[in-house]
Every structure is written in C-alpha cells, then in structure tokens.
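Hi,

Here is the structure I said I would pass on. Have a look at it first, and my notes follow below.

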Amino acid sequence: MATAVCGTLVGLALYASGLCAVSGATFLYHDYCVIGAGPAGLQAAYFLQRAARDYIVFERSHAPGSFFALYPRHRKLISINKQYTGKSNSEFNLRHDWNSLLSHDRRLLFRRYSRDFFPNADAMVRYLEDFASLLKLQVQYNTAIIHVTLEKNEQAWNGHYFILTDQDRKTYKCSCLLVAAGTWVPNVVNFPGSEYVEGYETVSTNPEDFAGQTVLILGRGNSAFETAENILGVTNFIHMVSRSRVRLSWATHYVGDLRAINNGLLDTYQLKSLDGLLEGDLEDLAIVKDKKGKLHITLRFYLENRNVSAGIDSITLPQDELDNFATRAPYDRVIRCLGWKFDFSIYNRSLRMMPGKGNIKKYPQIKPSYESRGTRGLFVLGTASHSVDFRKSAGGFIHGFRYTTRAVHRLLENRHHGVPWPSTVYPITQLTNSIIKRVNEASGLYQMFSVLADIILLRENATAFEYLEEYPTGILAELEMQTGRKACSGLFVIIMEYGRNFSGADKDVFYYNRAVGEAQHAWQSNFLHPVIYYYKRLPTEHEMRLRPPDWPLPRPDAIHHIVEDFLTDWTAPNAHILPLRRFLENCLSTDLRNFFAESCFLFAFTHQKLPPSCQQGYMRMQGLVGSQELRHHAVQAGLLQNYTHTDFLGDRPPDSHDGSQEQLMRDHGIPVRPLQHLVNAKDEL
C-alpha cells in the first residue's frame, strides 16, 4: 500500500488506497468503506469489485455472516429454498430462492448448499464463507468499528470524509460509507422485576431443561414462536404476552410476520390445550419472585410506593382483586423474545444517525434512496434499511435487499463515476413483449413489490423506448438526476402490487371468490399482479408527497392492472396480453401490432398514420415480398404497368416453365420509388 505525504493529497477526493497523515493521525484510505460482512455487506462488495472500485469491508468476527452463526437459536431459517420450479430460467427461479446472493458464479446458488425447504442456519454460514472466498472479496476480519465521525472537506465527494476507528485504535478514511451491520442489539423492555427475565440470545435450547415447567414468553414474533415450538411438548403450559395481536404472514403478505412453520402454539391455544396468547403493554407489567423461586405477574401500578424487597406477601397481586386474573398462575421462567434493533452507539453526533419514529424506531432514518437523512454519502443496506418498506415488502430480508443493494450501487455509479443507470433501447413495437417478459421473469420486481419498479422512458414521437430495471419508486421524481437518463416524452412505470384491501392481520384472505379471473375486473385483483402506470411527464417531488395513502406512486395519467393469475404466469393472449397492448396503444395513440409488408402497403393508402412496425420496416425500404394479389393492388392503384403474362414470356409457349410466376415477381419487383411521396408527406402519415 503506497505511502504518501498528506500535504500533497489533502483535497483530493479520489486516489489510490494509501496512508495519509493529518495532524499526527494516520489513515488508511479507501473510496468505499463497508461495515459488516453479512449478506448485504458481501452483496455490496460484489458489485463494487465487479465495477473495479476501491473498497474495503470491515467484519468484527473471524468469518462472514457472524449473525447466522448464532441465530436463529434453534437453527432453522424461515427463508424458503425451493429446489424445483419447473422452469430453467435462472431469473425466474430466484423468485423462489430466498437465500442466494446475486453473482455471475453459478456455483453460488444456495440450493447447492442445502436441499431443505427451510434450511439450517449452518448452511447459510458456509454459503457466505464461500461467497466471500470464491469471489475474492476484500474483507478485513476481526475488525470491529467502534467509532465513526466526519471530517469536513469541500473537495471530497460529498463535502466530507468518513473517519472510522476500530478496536485497536486504527483509523480508516473513506469517501462513501455503506453501513451493512444489520440489527443485532436485543430489544429490551425495562420494568420492575425484569432482572428475572432470560433473553432469547442466552436461553437454553435444550427442551429437557424446560420439562415440567410453566413458561411465559414476552413477544409475538417468529423468535418467540420458534422458542415456544422448541419446548411445546415438554412444558406444563406456555403463555405469550405482547402489546399487539399476532400477525400471520399469509394474512399480511409480509414475510417478517409469523410463519406457519413456527405457529404450533396457535393450535394448542385455539384447541384449548392449556397454552395461550395475551395482549398487554409490557411496560405496564412487573414480576415478583416468591420464596420458592416462582415468578408472579403483577402490574406496575401495584408496586408504586411499595417496597418490593419486603417480600411478595406485602405486595398486592391482580388476583387479590380479580380472582380470575388471566396470569394468576406463577411461572418458572420468563423469556424475552422481542427482536433486535440497530446499534446507534458507534456513530458520532456529527453524522446525525437518528432512529426512526413509531414502529420503525429500531431502524435508522433513511431516504427512499437508502441514503441517510442526516449525512450525504452514508447509505444503509440490508436489514437495517428496512424502514423504507417495513411491513410492506421484503427489503429487510436477503431475497429483497440483494436487489436494493444493487440499486444503491447503480445510484453510486452514476453519482461518483458518471456511469448511467443500465438501460436498453428497443423499437416501440417491442413494448408489449418487453413488459410481458419482465413481469413473468423478473425476481426483483416480484420480491420488492411496490418498492422497485421497471421504468420505460419514451423517445420522441414514441418511435422507441429505453428500459431501466428495478429503480426505487420512492425517488421517481429524481430519476433524471439519479440515473443520468432523460424522461422528456413520458414514461411507463411497471410494479407489482397486492390488492389495496387484501392484506392485514384482521383480513380473511381465504374468503370465497377471493380471486379475480376476468380481465375487465383486473383492477380488483387481490393477489400479487403487475400494474402499469403511465405519466405524460415525470412526477414532481410535490406530487410524490401528495400521493394517495398506501399508493406507491402519484396518480398517473392512465393506469392498467394485469389481472391476477393463479400460476403467476401472465402470458394468456386474451386475458393478459391483449388488454395490455390496447392500454399501451391508447396511451401512445398508435398501433403496436406487427404487420406483413403487404398490409403496410395497403395501410399507406387507407391510414393517415402508419403503424410503427410499418414505419420501422416497410417504409425504410426493407423489402416487399411480391405476390399476385399485391401486384393486382399495385396495378389498380396505377403504381405498376399492367403487363400481361405473355409480355414477360415473349414468344415462349404458355406451358414453358423456364421461369415461374414467382420468379417473375422477384425479377420484376414492385419499385418503391412511387411511394416516396408518402414517406416525405407528414400530413399523409
């Protein structure tokens, strides 16, 4: 690593990794610093390495994926690992592979590491180790970043550098900081007696340790039910208490809610086999321990102005006033399973890394671009970025944030390196096919529904379009600045959506006639389906802020729902493709069908404006196949002399076959020159 005198480097925003001394401090410099070598950190490293950028990943453990080395405690992941889909399309198969990261290496598909539908977490640890080693990612292990601050510099990329300090007091300097450290700090609720509570992160996983015991679990998520599932068969009974009702993922369509693999306690509760669920604010509770070591649940206000240490006999319990109080039976153990939160402690106040509000307070505040609201150039990736789509999409999970991480990388490539967002230009005649192909194959659209969208930018006169994949909908108004692409002639936005009123903890998602099958009722579709928004111009920031509640985008000039499909296969000619094409044609005021040359020839005499396929093919001199019928039309129009068959044959007898009629049509093809006046006359077209 080259050594340089900082006096010659101060003010440079980009230079090779090196040592720089400022005021006695020595910094190791990189353009990009990534905190955390979990799935999101490794995914970011992959894209940076493929783009040949200067980066380093800091990992506090000796290996990547340290979170998965510990959690889930009972080792079964709830991310599905579908081995077979009946399709060979790799992009489609990623829709049902929730564990693989994105890469060019076919060896790094998770199905090669486990055949279990719900795999063991140890397989994830092995997978992440191979992902880092096989791709030769630049990860610095055993490096815990303990402090991050800013150094102002007007010539830096973002007006400042990020200064990172590790546990050995080594310092690092970078122009852009990518935080992929996840959420790993346990959520703890403090109340009187909370010192008697065991944490999910330390409680025994051996069911025999709970034999014949009565257990209270604080929490209502997958970690709580996972813990209950492990000891369900050996305990006297299990009670669960949380401030909110249980949310089932198949009702909310949010993969972070309770999954069926863990919900055995719901059976024993509803079938009255002693176990049960309760709702209550945990901060109102108190736990009192009696002389036998039993734990009694009471309410905080009963303990006000009382000496808890005086013993349980001097404390009023709820059952003293209400003899059928639900939790009147004493418990042997109380277990806290309240999930995790982001570690804000290492960030200096200068970075203004603030927690969110309400139900997203466990995440840092970030913009829809995944950039910190407080500091330019600081991006949050992975689970910690879930505030953008919490309880709405899959951005907190591998199968979601592998795509949002790629989106962030594309934003950075445009901002710092002048590399526009990847796009492909097609003739307008390919518009319908391009949309149908993407909605049937794309995994990013499918997993990050309502959050990532495909953008179609129309070229002038709608003769062609530019296709951009998986752009964040929340920053649609900033599209030109963020992508380096122009949206001057209107645009289509393609996203996937569930029905507006179909998802929710209190919704009956199994009601009769829940699915829509007719194209004319597609707007009432409930299950995940494609939706196409058409805008004559790019929406503004103001319009984005005023969009209707629960709408991912502002009201468009036109909107089209492709009717939901039981097989999620939107290729039916009449139900899916035809309505889509007609919608696109109405928006563009043109005909998107492809025509043979003969039809184009006829349209030239009967239409003021030729279909795009005729303009881009036949009218550009790309040929006209001769036929007797077409020759007849040309003769009637006066564009071709009425030669008789004998004129071509001369004195040869009629039965001579030296030259067939088809050969004659090729040898004496219809000249295109007489049609030139139609090409040049705009009023006619």
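Why does Cys174 count as buried? Its relative accessibility is 0%, so Cys174 falls in the buried class (under 20% relative accessible area, using a 1.4 Å probe and protein chains only). Cys176 counts as buried too, because its relative accessibility is 0%. The closest cysteine sulfur to that of Cys176 is in Cys174, 7.5 Å away, which is too far for a bond.

Before you read on: this is a predicted model, where local features need pLDDT of at least 70 and side-chain atom pairs count only at pLDDT 80 or more, while totals for chains, interfaces and linings use all residues. Residues are numbered from 1 along each chain as its sequence is written, and side-chain values use heavy atoms, with hydrogens and water left out.

Now the disulfide (a pair of cysteine sulfur atoms within 2.5 Å). The structure has 1, joining Cys600 to Cys614 with an S to S distance of 2.0 Å. It links distant parts of the chain, 14 residues apart: Cys600 sits in helix H16 (residues 597–606) and Cys614 in helix H17 (residues 612–616). Helices here are DSSP runs of H or I, at least four residues, numbered from the N terminus. The link is left-handed, with -85° about the S-S bond, and both Cys600 and Cys614 are buried.

Last, a helix pair. H1 (residues 39–50) packs against H10 (residues 398–417) at about 35°, with the axes 9 Å apart (lines fitted to C-alpha atoms over the stretch in contact, with angles from 0 to 180 degrees between N-to-C directions).

Cheers

Notes
Helix = DSSP H or I, 4+ residues; strand = E, 2+ residues; numbered from the N terminus. Buried < 20%, exposed > 50% of the residue type's maximum accessible area, 1.4 Å probe, protein only.
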